[in-house]
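Please keep the sequence and the structure in view while reading.

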Amino acid sequence: ASLPRFYSAEATAQSNTAASNGLVTRFADLAALGVHENVVRAITHGMGYENMTEVQSMTISPALKGKDIVAQAKTGTGKTLGFLVPVIQKIITQDPDLAHRFGGKRARSDDIRAIIISPTRELAEQIGEEARKLVKGTGIIVQTAVGGTQKNAMLYKTRQQGCHILVGTPGRLNDLLSDSHSGIDAPRLSTLVLDEADRMLEVGFNEELRQIINYLPDRKVLPRQTLLYSATIPKDVVGLARSYIDKNNFEFVQTVKAD
Ligand code: ADP
Ligand code: MG
């Protein structure tokens with residue numbers, strides 16, 4: 001695959017600074033890009049992070065502009081925050097009144113805006129926890145759907161509370177989306193995140209991914225943003241990217257230095 005706009009740490013260094021490429025390097029700078037103050041504060045005060053990692057700096061700005069992302073970065077480089085910021089900000093931008101709906105219209109389980117697919121139960125739960133820290137005070141509801149847990153309890157909670165961001169493992173997500181009685185649906189989905197794509201394919205989740213994507217609105221009818229992260233980019237991940245990434249509007253980000 002010829003993936004244009006190849007970013008690397010060296011290329012970034014040569015062109016002076018990340019900031020001169022329109023990239024941000026500090027979380028506080030996200031406010032200037034329109035990111036909700038509660039989200040920025042949750043990172044800078046709640047989590048206590050000031051500077052972005054390389055993959056965060058290279059992906060957050062283009063993702064906030066609506067580009068699809070294919071990012072290669074090692075484990076432990078902060079990819080979770082990298083995709084959660086644009087996912088959350090897009091929901092706030094599309095529905096600015098969410099935070100003010102006291103006692104009014106409740107979130108629904110069939111109005112999911114973002115689905116985040118992760119290979120393991122542990123990773124999905126970690127993403128869910130991190131997302132819940134970031135959405136405080138925004139009105140956004142996060143639910144987690146993983147195997148090995150009570151499906152009915154999850155469904156009950158999701159129907160009671162609603163869901164804007166659904167994080168889960170491929171098997172359980174496929175199970176919920178294929179079940180017309182689950183109450184789980186995403187007719188207004190705006191963002192799909194494929195986390196640890198290489199691991200998902202390694203353990204044979206290709207078919208589940210294909211099925212999940214079949215339950216989502218047709219991209220020709222409702223354009224969606226896809227953010228794909230992987231530690232390595234073998235052939236099958238390139239194939240996945242070819243199928244699901246908007247080839248006319250994406251950024252390929254490859255980080256070469258260890259953070
Ligand atoms: P990855 O998904 O790339 O393996 P994670 O998103 O799980 O990495 O992040 C690894 C750890 O680094 C987490 O504990 C996370 O909270 C922390 N982290 C994320 N971003 C930053 C940052 N900018 N500065 C310091 N620590 C960070
Ligand atoms: Mg991760």
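**A guided reading of the model**

Cys-163 lies in the loop between α6 (151-161) and β5 (165-168); helices (H or I, at least four residues) and strands (E, at least two) are DSSP runs, numbered from the N terminus. The model is predicted, so local features need pLDDT of at least 70 and side-chain atom pairs count only at pLDDT 80 or more, while totals for chains, interfaces and linings use all residues. Residues are numbered from 1 along each chain as its sequence is written, and chains are lettered from A and ligands numbered from 1 in the order in which they are written.

Is Cys-163 buried or exposed? Cys-163 counts as buried because it has 28 C-beta neighbours inside 10 Å. A residue is buried if 20 or more other C-beta atoms lie within 10 Å of its own, exposed if 12 or fewer, and partly exposed in between, with C-beta atoms placed from the backbone. Leaving aside neighbours within four places in sequence, Cys-163 is in contact (C-beta atoms, placed from the backbone, within 7 Å) with Ala-107, Ser-109, Ile-112, Ile-141, Gln-143 and Thr-158. Ile-112 is 51 residues from Cys-163 along the chain, yet their C-alpha atoms are separated by 5.7 Å.

Thr-120, in the loop between β3 (114-117) and α5 (121-134), counts as partly exposed because it has 15 C-beta neighbours inside 10 Å. Leu-222, in the loop between α9 and β7 (225-230), is also partly exposed, because it has 13 such neighbours inside 10 Å. The C-alpha atoms of Leu-222 and Arg-188 are separated by 7.6 Å, although these residues are 34 apart along the chain. Glu-196, in the loop between β6 (191-194) and α8 (197-202), is buried, because 20 other C-beta atoms lie within 10 Å. Its phi is near 50°, a positive value in a residue other than glycine. Most residues other than glycine have a negative phi.

The whole protein comes next. Its secondary structure comes to ten helices and eight strands, and 44% of its 259 residues count as buried. Of the contacts with a separation of 6 or more, 79% are between residues 24 or more positions apart.

In soluble globular proteins, nonpolar side chains tend to be buried together. A nonpolar core is a set of buried Ala, Val, Leu, Ile, Met, Phe, Trp, Tyr and Cys residues joined through C-beta atoms within 7 Å. The largest one here has 72 residues, and those with the most contacts inside it are Ile-88, Ile-115, Ile-165, Val-193 and Leu-228. Helix α4 gives the most to this core, with eight residues. Leaving aside neighbours within four places in sequence, the contacts of Leu-228 include Ile-69, Val-70, Leu-194 and Ile-245.

Helix α4 (residues 79-94) also gives the most to the shell around ligand 1, with three residues. Of the 13 residues around the ligand, Tyr-49, Thr-75, Gly-78, Lys-79 and Thr-80 come nearest; a residue is near a molecule if its C-beta atom, placed from the backbone, lies within 6 Å of it. By class, this shell has four nonpolar, eight polar and one charged residues. Ala, Val, Leu, Ile, Met, Phe, Trp, Tyr, Cys and Pro count as nonpolar, Asp, Glu, Lys and Arg as charged, and the others, Gly among them, as polar.

Definitions and conventions:
Two residues are in contact if their C-beta atoms, placed from the backbone, lie within 7 Å.
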